[in-house]
Amino acid sequence: MPGLGTSFGRGGATTAQQDLANSDAILIMGSSMAENHPVGFQWVMAARERGATVIHVDPRFNRTSAMADLWVPLRAGSDIVFLGGLVRYAIEHGKVFRDYVVPYTNAAVLLKDELRDPEDLDGLFSGWDASELKYDPESWLYRGAAKKSAGGDVAGHEAEQGGHAKERGGHRDEGDQAQPEQPQERDDTLGHPRCVYQVTRRHFARYTSEMVERACGVPAAQFVRVAEAFCSASGPERTGAICYAVGWTQHSVGVQIIRTAAILQLLLGNVGRPGGGILALRGHASIQGSTDIPTLFDILPGYLSMPLFEKESDSLASYVRKYQTETGWWHNYDKYIVSLLKAWYGEEATAENEFGFGWLPRVDGDHSHQGYWLDMAAGKLEGLFVIGQNPAVGAPNGRLERKALAQLKWLVVRDLVEVETASFWYDSPEVERGELRPDEIATEVFLMPAAGHAEKDGTFTNTQRLLQWHEKAVDPPGDCRSETWFAYHLGRRLQERVRASKRRRDQPLQAMTWDYPVEGADREPVVEAVAREIHGRKPSDGELVSGFTELAADGSTACGCWIYSGLYAGGINRPRQRAARGAYAHGWGWAWPSDRRILYNRCSARPDGAPWSERKKLVWWDDAAGEWTGLDVVDFAKTKRPDYKPKPDAKGDDAIAGDQPFIMHPDGLGWIWVASGLKDGPLPTHYEPLESPVSNPLYGLQTNPAAQPKERPDNAYAPTGDPRYPHVLTTYRLTEHHTAGGMSRTLPHLAELQPELFAEISPELAAEAGIANGDWVTIATPRAMVEARALVTARMKPLVIDGRLVHQVGLPYHWGPRGIARGDVANDLVAISEEPNVRIMEAKALVCSLAPGRRPRGAGVLRQLEEIAAMRPRDETPLARQIAGEDSPPA
């Protein structure tokens, strides 16, 4: 995640799930961990049994809340206010671990005098360009930083290309400025008014317990109780951990929510230490892997940036110059990109042709899920592969997305069953309503049967960056095949088709290494051969490298993903290991990088290398042996002394001092202040969701100015305080069903446990609307309306927000028209939107109406939506103009 990457240096959980047992306090927010990560939750319970305080902050009382010491209901979308309140509490009540903060973070670094904060500009940072809808971050840089030239916009797209490349942390994306490798001016007393610490203190000054009550609906006294419990987990003897999931990420300010948690953990000294850190809980087995070796459009394996259509990507040298840092670990950028190119293009990748760099595609626009689906709706896409996903149910504004599928020439769906994405053309709400007619749809649909995870070899990369091997238990039935089989044989056939081609566009396919061994009657690729390619080798003799420190930029090494280099060290399949030993289960699987279980663990020792305390020791300097030792693989140069000071002209890791633990950052520090790398500000700032029943209580600016709502007639929004949609709506997952339901709604035992869509509402809202438990209710947004059974429960509480009562509605999103357990698609209610850094939609905080009874059938839904749209408030300011700052939002 960019929130973690820009703060600490890497986009992965900083800790291991087992380490939660060492926590003195655990804050779970943006997740129902007990329901959706029950295996990992056992270590939360272990911590509680040892005396830890478990805090759950969530709009709903759920299974996690039931096991917590403190449950705090809050308004969905107000997370930054709550977390900002914790930051303020830590600063104002002496909870900051200063002995950690001064040497290990950028708190002491001085910022430019021309910087202006949302406190000065009523919600904006300096550098905002209202005509371009983006920031120039020049004024955010450290004092003394020289301005560097900014890259250009992506050709053919109206806004800069954001995305997961930020997970590298602190690297420039286009339009960002380069940060000086080592800060020029500091004040280690933290007293200078322009130091990061004082600027942060001023920024969060208004995030008081009273403001938390006003914006979040959390009584001030209850908030103070939580703040004292969590912020006291600080100092040499105590640590606290934070766990979150998509309840934080799926917001128009999702990255900045995570950033606020990162700031809090840095101030408390909780990063890189036992029982500390931030655990980004992944939704299922290999979500981390899908960003490490990405299914994302804007990064290459190992969080290397995809080249763009721009001058800096004209040559390998200029591309490397853009992303390589003089100091810190990313000085090795050239080694990693060249080794990747050698893995892909083999003997055809030579120094003379820049190792095939020119064969890489260039990003020419917004090819995120949201972006390409809008292109699809406009008829700009011919075909689509859907593999392991069911966007007809799981994606935002399902009505728009299903209709967009009808604009394709061909669609390939690979899944275990016929999911709604494959059947959209004859069995969908749009067909029922007459919006789509099967005999008029020209899309040719290919449904390809897929193998389940027990029917193939491979790895899962789980929440804590841990690669675990799974062996095939049984052969897949009939024509079902693995993704590896499908990709390999498709690539083999395509390569054969262009073998004799003279066209330039076919050269990358011709040069591609595609020589995996196969086995069995179905000629299944040997997955361990893929693992060895990812680990890396020397093309000259095929010898495996020892790890990523052996990779070179001269073409003498090939590696499919540098952060995974080491998974096959010594010729041993490390993810297959099952001999756990020690406190962190080393020998069970393999965690990137280099089997480190706790990232940034140099922080667990004082600057002089000794543990902060006996109780919280993890790694420490052994002077007699001349190396770091301890309970984990040190996340630092093993023989670098704590008192090491780099020479003025030192480069790369040699420029990182022995007391600078955050080696992925060019200054070796944890970043409370992110001077470059984020599109919406160097510090988190509360903005209301793109749809909200209330005005922003902190600033005049209502919503995140850099967010992209993609507002259009078929993706409409409700204005602030719209009386047609008075309630807050949030979506969530259940234990019994899996995401869009393709793997669970067809199973009788799971369908019986959760047979139909329901809406959780409070007894107060039920009484107000005349609804009894079990009644049908209709929930509507400007995009769609769905029906569900009412679950009237005190687990969902009304909240007083800024002096008015606000009700919340909770809706699980697993249902669709296929399978045994059928129901309306909850995500039809969600708008397509893009958070500015990762382009994710806002699905966890929107507005809705709630009415008793079932929705209309067929075309009646469309007529009723049109009638509601005709009641649009006349004093509305369009959302796009609100974001541009052209008008104030309506009162």
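Colleague: How many positive and how many negative side chains does the protein have, and how far apart do the centres of the two sets lie?

Modeller: This is a predicted model, and the values here are computed from it. The protein has 98 positive side chains and 118 negative ones. The distance between the centres of the two sets is 1 Å.

Colleague: What radius of gyration does the protein have, and what does the globule rule give for 891 residues?

Modeller: The secondary structure consists of 27 helices and 29 strands. The protein is as compact as a globular protein of its length, because its radius of gyration is close to the value from the globule rule.

Colleague: What are the dimensions of the box that the C-alpha atoms fill?

Modeller: The box is taken along the principal axes. Its dimensions are roughly 75 × 70 × 55 Å.

Colleague: What share of the contacts with a separation of 6 or more is between residues 24 or more positions apart?

Modeller: Of the 891 residues, 63% are buried. The accessible surface is about 31,700 Å², and carbon and sulfur atoms hold 51% of that surface. Among contacts with a separation of 6 or more, the share from residues 24 or more positions apart is 72%.

Colleague: How many disulfides does the count come to?

Modeller: A disulfide needs two cysteine sulfur atoms within 2.5 Å. By that rule, the count is zero. Cys 216 is in no disulfide, and the nearest cysteine sulfur to its own, in Cys 231, is 15 Å away. The sulfur of Cys 559 is too far for a bond from the closest cysteine sulfur, in Cys 561, because the distance is 6.7 Å. The disulfide count is therefore zero.

Colleague: Are Cys 216 and Cys 559 buried or exposed?

Modeller: A residue under 20% relative accessible area is buried. Cys 216 has 0% relative accessibility, and Cys 559 has a relative accessible area of 2%. Both cysteines are therefore buried.

Colleague: Which residue does a cis peptide bond join to Trp 592?

Modeller: Omega of this bond is about -5 degrees.

Colleague: How far apart in space are Arg 597 and Ser 540, C-alpha to C-alpha?

Modeller: Arg 597 is in the loop between E19 and E20, and at 3% relative accessibility it is buried. In sequence, Arg 597 and Ser 540 are 57 residues apart. In space, their C-alpha atoms are 33 Å apart.

Colleague: What is phi of Leu 190?

Modeller: Leu 190 is in the loop between strand E5 (134–135) and helix H8 (196–203). Leu 190 is buried, with a relative accessible area of 1%. Its phi is positive in a residue other than glycine, with a value near 60 degrees.

Colleague: What is phi of Lys 710?

Modeller: Lys 710 is in the loop between strand E21 (627–630) and strand E22 (727–732). Its relative accessible area is 16%, so Lys 710 is buried. Lys 710 is another residue other than glycine with a positive phi, near 55 degrees.

Colleague: How far apart in space are Leu 20 and Ala 241, C-alpha to C-alpha?

Modeller: Leu 20 is in the loop between helix H1 (2–8) and strand E1 (25–29), and it is buried, with a relative accessible area of 1%. Leaving aside neighbours within four places in sequence, the residues in contact with Leu 20 include Trp 43, Ala 241, Cys 243 and Leu 279. Leu 20 and Ala 241 are 221 residues apart in sequence, and in space the distance is 6.9 Å.

Colleague: Which elements are among those that cover the buried residues of H14?

Modeller: Helix H14 (residues 316–323) is mostly covered, with six of its eight residues buried. The buried residues are Leu 316, Ser 318, Tyr 319, Val 320, Lys 322 and Tyr 323. Their cover includes strand E8 (299–300), strand E9 (304–305) and helix H15 (333–345).

Colleague: Which residues of H18 are buried?

Modeller: Helix H18 (residues 398–405) is mostly covered, with six of its eight residues buried. The elements that these residues pack against include helix H16 (369–377) and strand E11 (410–415). The buried residues are Gly 398, Leu 400, Glu 401, Arg 402, Ala 404 and Leu 405.

Key
Residues numbered from 1 in each chain as written. Predicted model: local features only at pLDDT ≥ 70, side-chain atom pairs only at ≥ 80, totals over all residues. Heavy atoms only, no water. Buried < 20%, exposed > 50% of the residue type's maximum accessible area, 1.4 Å probe, protein only. Helix = DSSP H or I, 4+ residues; strand = E, 2+ residues; numbered from the N terminus. Rg over C-alpha atoms; globule rule 2.2 N^0.38 Å. Contact = heavy atoms within 4.5 Å. Areas by Shrake-Rupley, 256 points an atom, 1.4 Å probe, with all protein chains shown as cover. Lys, Arg positive; Asp, Glu negative; His and termini not counted. Charge placed at Lys NZ, Arg CZ, Asp CG, Glu CD.
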